[in-house]
Amino acid sequence: MKTRRDGDTIVITLGSGEAVVLRHALMSVASAYRTSPDKIDPRTGAVWYSTRGCRAADMSAEDAAEWIGQMHAFKSENLSLIDGWLRQLAKRTSRRTVLALMLGHADAFVRVLNDHRLRAAAENDIGQDEMDLRDLGAAEELEPQRQTALIEIHFLAWIIEEILRLTAPDATRWGDLA
């Protein structure tokens, strides 16, 4: 993966395998965004729609339900952006795929990727110990599905880090560091 900033656009160039992982993550999170909070996997619901803050604020059940509905609507607003990103990822030039991300959509892209990371961690019982692994060889102790989820989580974190680097206030002063 290579990233660069071109004016008000972040250009992400992905290898074929990387593009598959990103496409899968975006399709998966879009599907989850289309699922109502009461029908979503309870583990995902616990990280996306946690009501601990509502209880701490002594909110009524009705107010908490309204808050969950608002959170779901906020997440669902990203669906048209996700669809556009998926259309771009469907186009390949040789062995590379390019995603041109408008700077104004970078924050939504980061939120979407992070939502998928949270969901993958929750659904695959990946905790902080696994998240802190920096040597993928150490992940060999995990079963294959959890290994795959952990690798995906780390890959998406890398994309997020690159976007944050390119959108930092001094990014335009320093230019493309990639």
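In this predicted model, helix H1 (residues 16–33) and helix H6 cross at roughly 85°, and their axes come within 10 Å. An angle from 65 to 115 degrees counts as roughly perpendicular, and H1 and H6 are therefore described that way. On the H1 side the contact is made by Leu22, Ala25, Leu26, Ser28, Val29, Ala32 and Tyr33. These residues meet Phe109, Arg111, Val112, Leu113, Asp115, His116 and Arg119 of H6. By class, the residues of the contact of H1 with H6 comprise 9 nonpolar, 2 polar and 3 charged.

H6, which spans residues 106–123, also packs against helix H8 (residues 144–167). Here the angle is about 160° and the axes lie 10 Å apart. Angles over 145 degrees count as roughly antiparallel, so H6 and H8 are roughly antiparallel to each other. The crossing of H6 past H8 is left-handed. H6 contributes Ala106, Phe109, Val110, Leu113, Asn114, His116, Arg117, Ala120 and Ala121 to this contact. Their partners in H8 are Ala149, Glu152, Ile153, Leu156, Ala157, Ile159, Ile160, Ile163 and Thr167. The residues of the contact of H6 with H8 divide into 13 nonpolar, 3 polar and 2 charged. Phe109, Leu113 and His116 are listed in the contact with H8 and also in the contact with H1.

The next topic is charge pairing. Side chains of opposite charge can pair when their charged atoms come close. How many salt bridges does a search of the whole structure find? The search returns 9. Glu123 and Arg119 are separated by about one helical turn, because they are 4 residues apart in H6. Glu123 is partly exposed, at a relative accessible area of 24%. Arg119 has a relative accessible area of 15%, so it counts as buried. Arg119 is also among the H6 residues that meet H1.

Arg165 and Glu162 are 3 residues apart in H8, about one turn of the helix. With a relative accessibility of 25%, Arg165 counts as partly exposed. The value for Glu162 is 17%, so Glu162 counts as buried, the cut-off being under 20%. A further salt bridge joins the side chains of Asp38 and Lys39, with an N to O distance of 4.0 Å. Both Asp38 and Lys39 are exposed.

That leaves the backbone. Most residues other than glycine have a negative phi. Asp58 has a positive phi, near 60°, and is not a glycine. Where is Asp58 placed? Asp58 sits in the loop between helix H3 (52–56) and helix H4 (61–76). Its relative accessibility of 69% is why Asp58 counts as exposed. Asp125 is another residue other than glycine with a positive phi, of about 50°. Asp125 is found in the loop between H6 and helix H7 (128–131). With a relative accessible area of 61%, Asp125 is exposed.

Technical notes:
Residues numbered from 1 in each chain as written. Predicted model: local features only at pLDDT ≥ 70, side-chain atom pairs only at ≥ 80, totals over all residues. Heavy atoms only, no water. Axes fitted to C-alpha atoms, helices over the stretch in contact; angles between N-to-C directions. Helix = DSSP H or I, 4+ residues; strand = E, 2+ residues; numbered from the N terminus. Parallel < 35°, antiparallel > 145°, perpendicular 65-115°, else oblique. Left-handed = near helix turned anticlockwise from the far one by under 90°. Contact = heavy atoms within 4.5 Å. Nonpolar A, V, L, I, M, F, W, Y, C, P; charged D, E, K, R; others polar. Buried < 20%, exposed > 50% of the residue type's maximum accessible area, 1.4 Å probe, protein only.
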